[in-house]
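Student: I would like to learn how to read a protein model, one feature at a time. Could we go through it slowly together?

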Amino acid sequence: MVNLQTLSPILGLEITGVDASRLTESAFAEIERAFFRGQVLILRGQKLSPAQFVSFARRFGPPEPHVIDQFHHAADPNILILSNRRKDGAPLGLADAGTYFHSDYSYLQVPARATLLYSIEVPRSGGHTLFANQYAAYDGLAEPMKRRVDSLVAIHHYGNRNVPDEMSRTAASSLTDEQKAKMPLITHPIVRSHPVTGRKALYAVSGSSYGIVGMPDDEALELLDELAAHATQERYVYRLAYRVGDVVVWDNASLLHSATLTDPDDPRTLWRITVKEAEAGLSAVDVLAASFASRVS
Ligand SMILES: [Fe+2]
């Protein structure tokens with residue numbers, strides 16, 4: 001039995017007294033159930049090598065290396081280094097990543113199931129992650145809005161639709177031309193049935209969604225902005241403060257998340273791994289969206 005504690009009334013579970021590198025199958029099964037129930041799961045006090053961190057992540061799904069490959073960990077490309085540290089003037093990791101509400105890999109046809117962060121170095125202040133519960137955000141929509149959006153499909157690509165200036169600290173991390181060329185235009189339902197729990201959630205209405213299939217752009221953007229404002233209200237949001245040794249795992253299908261900016265001179269480092277959903281978990285709507293995407297790209 002693992003020891004679970006609720007982090008907040010909105011979402012989140014904390015586990016103490018487990019070593020992520022030595023979990024039996026039954027202990028991991030309990031952790032996985034807690035992950036889908038809590039949406040954000042924190043394992044405190046971990047001490048993991050890169051290989052151990054990757055092995056733990058792999059139990060949630062297949063890792064997918066990030067498109068920003070210049071900050072992959074030297075020991076394993078599945079790990080992306082998030083850090084504001086510099087050596088001889090050169091950055092040692094990706095700084096200011098994801099400082100706007102988004103869902104990881106929502107710009108890919110098979111999006112992220114889970115993102116795992118391993119906290120190596122915590123800044124003196126800030127460096128929190130905000131999580132917004134998208135099951136609750138969907139449930140909290142007025143009935144006419146639910147009916148309006150239930151069958152709509154959003155068009156996604158890499159980026160933050162609200163901050164087009166790539167040099168801004170709150171823009172999506174900028175890509176090289178070669179990395180941009182790898183990024184397709186794809187689609188996802190705005191109301192997505194969770195691939196594991198089956199529960200309806202608003203999906204990636206902030207971040208990578210830039211339009212709605214069959215809707216004029218101005219109308220689509222107005223609706224997406226209205227949904228994003230609703231979905232990120234304080235009543236749906238939990239703010240996570242990291243401790244050194246935390247491993248945090250979150251469910252991208254039922255959450256939006258946002259990093260908070262830190263002082264560039266206040267060192268902080270995290271290792272990140274993102275694992276994808278199983279392809280077999282795609283719903284019929286996803287399959288239709290995939291065929292649409294192949295026609296427009
Ligand atoms: Fe993210």
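Student: Which residues does Val249 touch, if residues up to four places away in sequence are not counted?

Tutor: Keep in mind from the start that this is a predicted model. Leaving out residues up to four places away in sequence, Val249 touches Phe35, Gln39, Val40, Leu41, Leu43, Phe56 and Phe60, and it also touches Ala114, Thr115 and Leu116.

Student: Which residues touch the most other members of the largest nonpolar core?

Tutor: That core has 30 residues, and Val249 belongs to the group that touches the most other members, together with Ile31, Leu43, Phe53, Phe56 and Phe60. At least two residues of this core are supplied by each of several elements, including helix 1 (25-38), helix 2 (50-58), strand 3 (40-43) and strand 16 (247-251). Helix 1 gives the largest share, which is six residues. There is also a second, separate core of 28 residues, and among its members are Ala112, Tyr158, Leu175 and Val248.

Student: Where does Ala57 lie, and is Ala57 buried or exposed?

Tutor: Ala57 has its place in helix 2, and it counts as buried because its relative accessibility is 0%. Apart from residues up to four places away in sequence, Ala57 touches Leu116, Ile273 and Val275.

Student: What is the order of the strands in the open sheet of eight strands?

Tutor: The order is 1-2-3-16-8-18-5-4, and the pairing is mixed. Strand 1 (3-6) and strand 4 (72-73) are the edge strands, each of which pairs on one side only. Strand 4 is joined to strand 5 by two bridges, and these two strands run antiparallel; here His73 has Asp76 of strand 5 as its bridge partner.

Student: Which residues is Glu121 in contact with, leaving aside its neighbours within four places in sequence?

Tutor: Glu121 is found in strand 8, and with those neighbours left aside it is in contact with Arg85, Val244, Pro267, Arg268 and Thr269. Glu121 and Ser83 are 38 residues apart in sequence, and from C-alpha to C-alpha they are 8.9 Å apart in space.

Student: How many residues of strand 9 are buried, and which way do they point?

Tutor: Strand 9 (residues 129-133) is mostly covered, with five of its five residues buried. Thr129, Phe131 and Asn133 point one way from the strand, whereas Leu130 and Ala132 point the other way. Strand 9 runs antiparallel to strand 15 (residues 237-240), to which four bridges join it, and in strand 15 Val237 is the bridge partner of Ala132. Five bridges join strand 9 to strand 17, and these strands also run antiparallel, with Phe131 standing opposite His257.

Student: Which residues are the protein donors of the iron ion?

Tutor: The donors are His102 through NE2, Asp104 through OD and His257 through NE2, lying 2.2 Å from the ion. Along the sequence, these donor residues are spaced H-x1-D-x152-H. Asp104 lies in the loop between strand 7 (90-91) and strand 8 (112-121), and His257 lies in strand 17 (residues 255-259), so the pair ties together parts that are 153 residues apart in sequence. Both Asp104 and His257 are buried.

Student: How many aromatic pairs does a search of the whole structure find, and how is a pair described?

Tutor: A pair of aromatic rings is described by the distance of the centres and the angle of the planes. The search finds ten aromatic pairs. In one of them, Tyr105 and Tyr107 are edge-to-face, with 6.0 Å from centre to centre and 65 degrees between the planes. Tyr105 is buried, with a relative accessible area of 2%, and Tyr107 counts as buried at 9% relative accessibility. Elsewhere, ring pairs link Phe28, Phe35, Phe36, Phe56 and Phe60 into a cluster.

Notes: Residues are numbered from 1 along each chain as its sequence is written. This is a predicted model: local features need pLDDT of at least 70, side-chain atom pairs count only at pLDDT 80 or more; totals for chains, interfaces and linings use all residues. Side-chain values use heavy atoms; hydrogens and water are left out. Donors are N, O and S atoms within 2.8 Å of the metal (3.2 Å for Na, K and Ca); water is not among the atoms, so sites may look incomplete. Buried means under 20% relative accessible area, exposed over 50%, partly exposed in between (1.4 Å probe, protein chains only). Rings of Phe, Tyr and Trp (its six-membered ring) pair if their centres lie within 6.5 Å; planes under 30 degrees apart count as stacked, over 60 as edge-to-face and the rest as tilted. A nonpolar core is a set of buried Ala, Val, Leu, Ile, Met, Phe, Trp, Tyr and Cys residues joined through side-chain atoms within 4.5 Å. Contact means heavy atoms within 4.5 Å. Two strands pair if DSSP finds at least two bridges between them.
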